[in-house]
Amino acid sequence: METQHTEYKKSFGKEVTISLVAFANTNGGRVIVGIGDNGKVYGVTIGPETIQRYLNEVKTSTYPQLFPKIHTEEKAKKTILIFEIDEFPIKPVSFKNRYYKRVHNSNHMLTLEEIVDLQQQSLSISYDAYPSPVTLEELNHKLIGHFFERVNTRGRLLLQDILFTNLVKLKLIRDEKVTLAANLLFGDHDFSIRIGRFKGAATIIDDSVVKAPLFTAIDEAMIFIKKHINLSYHFDGSIQRKERWQFPLEALRELLLNAVVHRDYKNFSDIIIKIFDDRIVFTNPGKLYGNLSLEDLEHDDYVSSLRNKLLAEVFYLTGDIERYGTGFIRIRDFLKDYPEITLSVA
């Protein structure tokens, strides 16, 4: 049975190399030649130069060149050939300028977006570290100063009162150029958070488009959300009354931060937040980054992959993010006092 890590081929051909490329771009795997996808053993004929010829065909048709391990085994009194390849450290690997990945038990061609993401992961390049067309003078210096104050107050890093030096230290300026992260945080960019209050699937009773530097956009979006969710009060025996929001504000803010920090900024679609009577839906542009899956997010031991490392670092330094990769853990903790609310990802 073919799986995420195993592929069967009746005979050697280009499809074997395509599978090896897909495995190399994902988590590694093996191609067994001489067995059909129906599980029937056909076997292969191995001559003195067969294995070397197959290796040369794989090597010359892939870039970067792949060198799989090859060995033979006997099955049902016939010889089968097993190709094994580990996940390749420099991705993406191509077969004749085409790129593939392994999804469950089949190979899929990579989109341009996925190719770029794999390149960034392999080179440890953060997308938000790329240069922006704006200059330092075009950024909001008052907002930057406020950011420095918050960082120093939080105490995770001590910044001096020198704007350019601080931005270089934080890698928000690289090679004397303003990064995309700096423009997103403190500049006039083209990305928005669109929030709507819905009565039913198609009836909008209020909406707002937050188009502001990310450093302030989070707070602006939270103001609108709080305006459209219920607030109740109760007494627990003490003199002061206790307030209880319809949804825990800490969880909503964490979801909002997650959307802003981890969204794909190559995609110009808006972050969409829909507030209904009984639920809030956050929709974020872009797929999950790296090898992270939706199933992983349901468990507390998931390993985070950062598409935008500079944004994550900035919000960590201000205390908005406690630690990388703990967002959904914290959200589940906040929801413990709200047993009537469930969290789902899709």
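On a 1 Å grid over the protein atoms alone, a cavity is a set of points where a 1.4 Å probe fits but cannot get out, and lining residues have an atom within 4 Å of a point. With that in hand, let's walk through the structure. This is a predicted model, in which local features need pLDDT of at least 70 and side-chain atom pairs count only at pLDDT 80 or more, while totals for chains, interfaces and linings use all residues. Residues are numbered from 1 along each chain as its sequence is written, and side-chain values use heavy atoms, with hydrogens and water left out.

Start with the whole protein. Its secondary structure comes to ten helices and 16 strands, where helices (H or I, at least four residues) and strands (E, at least two) are DSSP runs numbered from the N terminus. The radius of gyration, taken over C-alpha atoms, is 26 Å, well over the 20 Å that the globule rule (2.2 Å times the number of residues to the power 0.38) gives for 346 residues, so the protein is more spread out than a compact globule. Along its principal axes the C-alpha trace spans about 85 × 50 × 35 Å.

Four strands make up an open, mixed sheet in the order β12-β11-β15-β16; two strands pair if DSSP finds at least two bridges between them. At the edges sit β12 (204-210) and β16 (280-283), each pairing on one side only. On average, neighbouring strands here are turned by 10° against each other, direction ignored. Strand β15 (residues 271-275) runs antiparallel to β16, and four bridges join the two. Within this pair, Ile273 stands opposite Phe282 in β16.

Two helices accompany the sheet. Helix α7 (residues 214-227) packs on it, touching β11 (193-198), β12, β15 and β16, with contact meaning heavy atoms within 4.5 Å. The direction of α7 makes about 170° with that of β12; axes are lines fitted to C-alpha atoms, for helices over the stretch in contact, and angles run from 0 to 180 degrees between N-to-C directions. Helix α8 (residues 249-262) lies across β11, β15 and β16, running at about 15° to β16.

The lining includes Phe215, Asp219, Arg253 and Leu257.

Finally, visit the loop between β16 and α9, where Lys287 is found. Lys287 touches Glu113, Glu114 and Arg307, not counting residues up to four places away in sequence. Lys287 and Val168 are 119 residues apart in sequence and 30 Å apart in space, C-alpha to C-alpha.

Note on methods
1 Å grid on protein atoms, 1.4 Å probe; cavity = no way out; pocket = protein on both sides within 12 Å on 5 of 7 lines; lining within 4 Å.
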